[in-house]
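Keep the viewer open as you read.

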Amino acid sequence: MRYSRFVAIGDSQTEGMGDPHPDYECRGWADRLAERMAALNPELTYANLAIRGKNTRQALEEQLDSALAMEPDLVAAPLGMNDVIGSGDLTGQVRSDLDEIYGRLTDSGATVIVSTYPDVTRTIPLGHRLEGRLQTINALMREFAHRYGLVLVDLHSAPVLTDLRAWSTDRLHASSLGHQRLADGAAHALGLPGASPTWGDPMPDLPDLHPVARVVRDVRWAVEFFTPWAIRRIRGVSLGDGRSPKRPELTPVVAPVHC
């Protein structure tokens, strides 16, 4: 299918954190997908309403109406990860909000892209504490994809996303390489020309890190990234507070001069 109006909603991953961009701080998988689609259809327009820190309820209240008003024929809406790492009731309020979002997007006639989430137990220290909630949100993504006919990108089954090279130093946001793999996965799920089924394949192995070096690395991560995040959560502060979307309106897509 030839898409002409592409709108993305969601949180930091869809905003593009971890993937620097010279014009507006971050690029990200949705931008990369839009660039690929624009090579097929130069008339494509694209908006990205995603903002870091937003949960499912905020996407419903702050992003959905604006997205629908643009009459998109393609919407990227992978949601729920901030609810997983927060305290949202995944099988209650979050599920209800997701149902409303995906129901309304489907009723609009747009093709909708969603995803499962990578196995953070393999990349984040103490990530095993999130395993149950991660399984729950992934089950919800599969349920809604089946119910509404959404395009599902199965990130949880992609070996490359258990490799720290696919993640930025905070291990919460994909690196440039990781965002490219996410974009490739979406392109394959959409059936775009030239998309490869090998998008999730692992990278060549690196030499094993000495156990002491691994502990030092994980402690440094906890001090530099986990502790500030925990403090913000206790204070009820989000990195997205006061931020506006980076692409609030549908505009033509211009590919960057570098990757």
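**From a helix outward**

Helix α6 is followed by G109, which has a positive phi, near 90°. The model is predicted, so side-chain atom pairs count only at pLDDT 80 or more.

Stay with α6 itself. The helix covers residues 90–107. Which of its residues are buried? They are L90, V94, D97, L98, I101, Y102, G103 and L105. An α-helix has 3.6 residues a turn, so residues three or four places apart point the same way. Look for that spacing in the list: L90, V94, D97 and I101 are among the buried residues.

Now turn to the strands. Strand β4 spans residues 45–48. In a regular strand the side chains alternate between the two faces of the sheet. In β4, T45 and A47 point one way, while Y46 and N48 point the other. Are these residues buried or exposed? All of them are buried.

Strand β4 has partners to inspect. Strand β1 (residues 5–8) runs parallel to β4, and four bridges join them. In that pairing, R5 stands opposite T45. Strand β8 (residues 247–252) pairs with β4 in the antiparallel sense, over three bridges. Here N48 stands opposite R247.

How many cavities of 30 Å³ or more does a search of the whole structure find? It finds one. The largest cavity holds about 150 Å³ of space. Its lining is made of 15 residues. W29, P78, S115, L155 and L182 lie nearest its centre. Strand β6 gives the most, with three residues. By type, the lining has eleven nonpolar residues, three polar and one charged.

Begin with R2, in the segment before β1. R2 counts as exposed because its relative accessible area is 56%, and the cut-off for exposed is over 50%. Beyond its neighbours within four places in sequence, R2 is in contact with L40, N41 and D73. Its side chain reaches the backbone oxygen of L40 at 3.4 Å. The R2 side chain also makes a polar contact with the side chain of N41, at 2.8 Å. R2 and M37 are 35 residues apart in sequence, yet their C-alpha atoms are 8.5 Å apart.

R36 sits in helix α2 (residues 29–40). With a relative accessible area of 25%, R36 is partly exposed. Which residues does R36 contact, leaving aside its neighbours within four places in sequence? They are D184, A187, L192, P193, G194 and A195. The side chain of R36 reaches the backbone oxygen of G194 at 3.2 Å. R36 and A187 are 151 residues apart in sequence, with 8.3 Å between their C-alpha atoms.

N138 is buried because its relative accessible area is 3%, and buried means under 20%. A polar atom of its side chain lies 2.6 Å from the backbone nitrogen of Y117. Not counting residues up to four places away in sequence, N138 touches T116, Y117 and H156.

Finally, return to backbone angles. E71 has a phi near 50°, a positive value in a residue other than glycine. E71 is in the loop between α4 and β5. R171 is not a glycine, and its phi is positive too, at about 65°. R171 lies in the loop between β7 (151–153) and α8. Which of the two is buried and which is exposed? E71 is exposed because its relative accessibility is 56%. R171 is buried because its relative accessibility is 8%.

Definitions and conventions:
Residues are numbered from 1 along each chain as its sequence is written. This is a predicted model: local features need pLDDT of at least 70, side-chain atom pairs count only at pLDDT 80 or more; totals for chains, interfaces and linings use all residues. Side-chain values use heavy atoms; hydrogens and water are left out. On a 1 Å grid over the protein atoms alone, a cavity is a set of points where a 1.4 Å probe fits but cannot get out, and a pocket is an open set with protein on both sides within 12 Å along at least five of seven lines; lining residues have an atom within 4 Å of a point. Grid points are joined across faces, edges and corners, and a volume is the space filled by probe spheres set on the points. Helices (H or I, at least four residues) and strands (E, at least two) are DSSP runs, numbered from the N terminus. Ala, Val, Leu, Ile, Met, Phe, Trp, Tyr, Cys and Pro count as nonpolar, Asp, Glu, Lys and Arg as charged, and the others, Gly among them, as polar. Buried means under 20% relative accessible area, exposed over 50%, partly exposed in between (1.4 Å probe, protein chains only). Two strands pair if DSSP finds at least two bridges between them. Contact means heavy atoms within 4.5 Å. A polar contact is a pair of N or O atoms within 3.5 Å; within protein, one must be able to donate a hydrogen and the other to accept it, and residues adjacent in sequence count only if both atoms are side-chain atoms.
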